Amino acid sequence: VFSAWSEKAHKAGQGTSAPSLFVAEPSESPAVAPGSMSFAFLEQEDTVAFIRSSQTLFVLRGLPGSGKSQLARAIGDTYKDLCTLISGDEHGIKPEKYAASAEGIKAVDGAVADCCSSGKAVVVVDDTNHTHGRLARLGELAEENQYVALYVEPRTEWSRNVEQLTKKTHRGLNKGQIQALVCSMVETSLPFYFGWFLCPTQQEKLRNMANEFLSAVGSLEAFKEHVGDCKYELMNLQQYFQDKGVLHCTTKFCDYGKANGAKEYAEKQVVRESYGSKADLVLTALFLTPRTLGAQVSLTEAQLQLWPEDAEKEAVQSADLPRGSRAHVTLGCAEGVDPVQTGLDLLEVVLQCQQGDKGEHVQDLELGPLTYYGKGVWMVKLSEPLNTPAIFSSFYGPKEEELSGKEPEKKKKHKCTVM
Ligand code: 2AM
């Protein structure tokens, strides 16, 4: 079993002879269920190479007995000395008594923060992570330390099967306890959104480019002349646009399952297969409007497979816009503006061009030709598109009621059918 993993890592040209933190005696490890280890971050050469040179927090989630620790060992075997495993079990966390495991949870978070601040390439949290609070907290730790979080569940056939899990777990949990945990897993399956997440070095590069764009546009006479075209005051551009966290290109907004088609999207084979894989995004333009600052992304055919069919129609029903024309990275928003606006602003430009209004060419900046589209909308087409590697992942954040400090709605009794 372990030699098969090592073989994979070596095949990817990434194996090292350094001792692994995860070296386990093959005889101690249970057999691997067929297909349960087929993850891009274990099997795809370019993804493995990218993760090795980047900063990734693997948030494993799953029930006791579902194959989580085996998955953790497989990650360890692939990334060897670049990887640290933090186990909830070893810190005394009891999945069935999460509320009473505060000490252990605190210790895990401390260990994650320490590993991340030491710059370890791969940090793995091996715990059930079946509650929203844990997913959001670990996502927050990743963001604070400039790591990309990957939420991964074992792909064993029995990962949510109460009967089998009850037999397999060594924790002595009864069926009722396992069932409660399975329900919690199901309820927290869908993230806030899926998307491609840029690694920290690329984020910095893009932010610098955006600042260059703002300085160049802000200092133009033409810009000052047009400030009156919109109702917003567009001076001091760097301060005007507020940062909206980790840079990413959203593919599907799920709103934890409340958005239309979220479940169907998450269950698509291509989404499952691509989760945790590297993609090379091509950024072709930067734009600013009175509301948002963004980068246009030009998706390849393969990337379009992950693009929801109705992403453009959902925003502009009346027009037939090319698939992927909403793809972008939000770089900043004016005060009080939601990041969803960036894609809508981009679509307005695309629509305007489609209707034959190509805007007014203002001048050539160092970044490329600058066009004014009216109503405070400016776009520079990059003469050298920015190729940026990114990881296809998902995002969990604090829920709205936690952000607003409001009492959460009384928890509805979800009917949960368990296989
Ligand atoms: P963005 O991708 O344009 O930046 C959380 O708000 C993330 O999901 C943001 O990145 C945001 O926009 C995106 N988002 C929010 N609401 C959305 C919606 N209704 N449709 C699509 N994306 C949305």
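## Contacts, strands and ligand shell in a predicted model

M185 touches R61, G62, L63, T128, H130, E153 and R160 when residues up to four places away in sequence are not counted; contact means heavy atoms within 4.5 Å. M185 belongs to helix α8, residues 175-187. Helices (H or I, at least four residues) and strands (E, at least two) are DSSP runs numbered from the N terminus. The C-alpha atoms of M185 and G62 are 7.2 Å apart, although 123 residues separate the two along the chain. Buried means under 20% relative accessible area, exposed means over 50%, and partly exposed lies in between (1.4 Å probe, protein chains only).

The model is predicted: local features need pLDDT of at least 70, side-chain atom pairs count only at pLDDT 80 or more, and totals for chains, interfaces and linings use all residues. Residues are numbered from 1 along each chain as its sequence is written, and side-chain values use heavy atoms, with hydrogens and water left out.

**The protein as a whole**

The protein has 17 helices and 12 strands. Of its 419 residues, 53% are buried. Among contacts with a separation of 6 or more, 76% are between residues 24 or more positions apart. The protein exposes about 20100 Å², and carbon and sulfur atoms supply 49% of this area. Accessible areas come from the Shrake-Rupley method with a 1.4 Å probe, and for residues only the protein chains shown count as cover.

**The ligand shell**

F192, Y193, H248, T250, F253, R326, H328, T330, P339 and V340 are the residues around the ligand, each having a heavy atom within 4 Å of it. By class, this shell holds 5 nonpolar, 4 polar and 1 charged residues. Ala, Val, Leu, Ile, Met, Phe, Trp, Tyr, Cys and Pro count as nonpolar, Asp, Glu, Lys and Arg as charged, and the others, Gly among them, as polar. Strands β6 (248-253) and β9 (328-333) each supply at least two residues of the shell. The most come from β6, which gives 3 residues.

| Residue | Atom of the residue | Distance to a ligand oxygen atom |
|---|---|---|
| H248 | polar side-chain atom | 2.6 Å |
| P339 | backbone N or O atom | 2.9 Å |
| V340 | polar backbone atom | 3.5 Å |

Taken alone, the ligand exposes 470 Å², of which the protein buries 82%.

Strand β8 (residues 292-298) is mostly covered, with 6 of its 7 residues buried. Strand β7 (residues 278-288) pairs with β8 in the antiparallel sense over 6 bridges, and a hairpin of 3 residues joins β7 to β8. Two strands pair if DSSP finds at least two bridges between them. Strands β8 and β9 also run antiparallel, joined by 5 bridges. A295 of β8 is the bridge partner of L286, and V329 in β9 is the bridge partner of A295.

In helix α3 (residues 45-52), the residues T47, V48, F50, I51 and R52 are buried. An α-helix has 3.6 residues a turn, so residues three or four places apart point the same way. The elements that cover the buried residues of α3 include α2 (40-43), β1 (56-60), α4 (68-79), β3 (122-126), β7 and β12 (378-395).

H226 lies in helix α10, residues 221-226. Its relative accessible area is 19%, so H226 is buried. Apart from its neighbours within four places in sequence, H226 is in contact with E360, Y372 and W378.

**Two residues with positive phi**

K80 is not a glycine, yet has a positive phi of about 45°. K80 sits in the loop between α4 and β2 (83-87), and counts as buried because its relative accessibility is 8%.

Y256, also not a glycine, has a positive phi of about 55°. The loop between β6 and α12 (262-267) contains Y256. With a relative accessible area of 15%, Y256 is buried.

Definitions and conventions
Polar contact = N/O pair within 3.5 Å; in protein donor to acceptor, adjacent residues only side chain to side chain.
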